[in-house]
Amino acid sequence: LTVRWWRTALTIGDGVVLAAGALLTGALAISQWGGMGTEARYAQIRGSQGVVTVALDHARSVDVPGALGPSTLEIAPGAIRVRTAPCAGRQCVHAGWLRRPGDAAVCVPGRLSVRVLGADAFDAVSY
Amino acid sequence: MVLALAACARAPEPVRREFFALGTLVEITVYGLDEARALAAIGAARAELERLDAAWRPWGAGELGTLNRALEAGASAPVSAELAALLARAAALERASGGRFNAGIGQLVRLWDFDGEAPQGPPPDAGHIAAWRAAAPGLAALRVAGGVAASANRALAVDLGAIGKGYGARRAGVALASHGVRDALLAVGGDILALGQAGGRPWRIAIRGPRGGLLGGLTLASGEAVSTSGDYERYYVWNGRRFHHLLDPATGADAGGVREVLVVTDDPVLADAAATALFVAGPAHWREVARDLGVEVALAVRADGTIAATPAARRRVEPVDGRRFEEVP
């Protein structure tokens with residue numbers, strides 16, 4: 001009965017409008033949460049000399065000055081990690097490779113933070 | 001024509017600044033003001049957070065450190081009206097949460113070496129924990145009258161680590177508003193407060209997962225606050241075992257059974273305290289504690305990785321990466 005109702009009540013034009021609406025809804029959903037859960041594009045690194053944003057496009061190392069001394073960050077395509085840090089707890093090193101938008105490593109004593117960004121994803125991460 | 005073009009002109013770009021305060025990374029984003037005014041407002045918010053940081057370090061030179069040293073010596077100490085009000089709120093939340101949230105565990109936090117910025121251990125021995133548990137300190141044992149605080153329980157020490165960041169977010173929001181800010185997002189570590197909107201759309205918040213990646217996302221209305229507590233925030237590894245900072249006052253050890261809790265309310269102070277209370281309550285009791293605290297939007301990531309959510313959280317939080325939320329009525 002339901003199928004028959006759809007067939008008789010909907011015209012081709014209605015179908016086109018509904019399909020367009022579904023596509024628009026999908027596009028809006030993607031734009032709303034665009035980038036979340038997708039590949040890592042950039043990393044935002046904060047050290048004692050300010051914030052730098054690096055592209056996660058090719059392998060390299062970056063030394064970042066912090067309050068306790070320099071930390072070494074290792075970049076690979078789509079990922080970044082803190083390889084060495086001068087702080088005692090080294091939680092930022094234990095965080096390992098950061099691969100997804102929203103992944104972050106923060107070293108409070110060293111005043112260092114690293115955050116992975118996607119494509120215009122969100123305003124803040126609750127962590 | 002000129003008016004029409006003016007109406008279409010883009011709003012000023014958001015101004016965003018990060019700094020460290022209250023033992024965590026603070027991020028403030030401001031929309032709708034030119035850069036100079038936005039930076040002045042952020043500067044005022046930062047000053048407010050740094051004021052609280054200096055005053056309320058549990059063993060620092062400020063009023064909270066002074067109070068804790070006095071309590072340890074069996075003496076009394078003066079407290080400001082601001083601290084007295086927050087202590088009263090903390091005591092009420094301690095009662096409402098059945099003691100899962102307890103701001104009187106400063107000595108336990110120190111025993112576990114979580115009172116500094118870089119905890120390393122070692123964990124305390126069983127005898128020290130047993131002695132602390134026997135004393136059972138809590139804010140119920142703190143008397144505050146006429147601007148003076150005292151307690152008969154010398155094991156009582158105040159640690160605002162599970163409520164101070166939410167309070168700080170609220171105070172920083174007041175500082176921003178007093179500088180003409182209507183649209184801002186304040187993230188004090190895992191405690192986030194939304195004011196107004198993000199350039200004409202709601203603020204979008206991502207929730208990180210306990211072992212990396214994201215759990216989901218949600219939008220916040222003006223005045224709403226999000227707080228997250230997780231076993232990944234502050235921890236150390238000792239003899240191959242991982243110890244985290246969310247201590248259960250009932251056992252004297254780090255709480256188990258849950259990896260992460262998220263709370264959304266319109267009160268950042270409640271959100272902060274509730275996130276800890278629900279985490280400590282564990283997988284069997286987090287839902288009833290949420291109810292007792294009047295929290296409707298909450299979710300908990302259990303130790304096995306499954307995610308339980310209140311009906312309101314299931315409606316509000318959009319999962320990502322194929323995560324599944326199990327609704328708990």
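Two strands are taken to pair if DSSP finds at least two bridges between them. With that in mind, this tour visits chain B of a predicted model.

Begin by selecting strand β3 (residues 77-78) and strand β5 (residues 148-151) of chain B, which run antiparallel and are joined by two bridges. Within this pair, B:Pro78 stands opposite B:Val148 of β5(B).

Proceed to the helices. Select helix α2 (residues 35-55) and helix α7 (residues 164-178) of chain B, whose axes are 8 Å apart and which pack at an angle of about 145°. The crossing of α2(B) and α7(B) is right-handed. To view the contact, display residues including B:Ala41, B:Ile42, B:Glu48 and B:Leu52 of α2(B), together with B:Tyr167, B:Arg171 and B:Leu176 of α7(B). The contact of α2(B) with α7(B) comprises 11 nonpolar residues, one polar and three charged.

Finally, select helix α4 (residues 81-96) and helix α8 (residues 268-292) of chain B, whose axes come within 10 Å and cross at roughly 10°. Because of that angle, α4(B) is roughly parallel to α8(B). Their contact is formed by B:Leu86, B:Arg89, B:Leu93 and B:Ala96 of α4(B) with B:Val269, B:Leu270, B:Ala273 and B:Asp292 of α8(B). Of the residues in the contact of α4(B) with α8(B), six are nonpolar, none polar and two charged.

How values were computed: Residues are numbered from 1 along each chain as its sequence is written. Chains are lettered from A and ligands numbered from 1 in the order in which they are written. This is a predicted model: local features need pLDDT of at least 70, side-chain atom pairs count only at pLDDT 80 or more; totals for chains, interfaces and linings use all residues. Side-chain values use heavy atoms; hydrogens and water are left out. Axes are lines fitted to C-alpha atoms, for helices over the stretch in contact, and angles run from 0 to 180 degrees between N-to-C directions. Helices (H or I, at least four residues) and strands (E, at least two) are DSSP runs, numbered from the N terminus. A crossing is left-handed if the near helix is turned anticlockwise from the far one by less than a right angle, and right-handed if clockwise. Contact means heavy atoms within 4.5 Å. Ala, Val, Leu, Ile, Met, Phe, Trp, Tyr, Cys and Pro count as nonpolar, Asp, Glu, Lys and Arg as charged, and the others, Gly among them, as polar. Angles under 35 degrees count as roughly parallel, over 145 as roughly antiparallel, 65 to 115 as roughly perpendicular and the rest as oblique.
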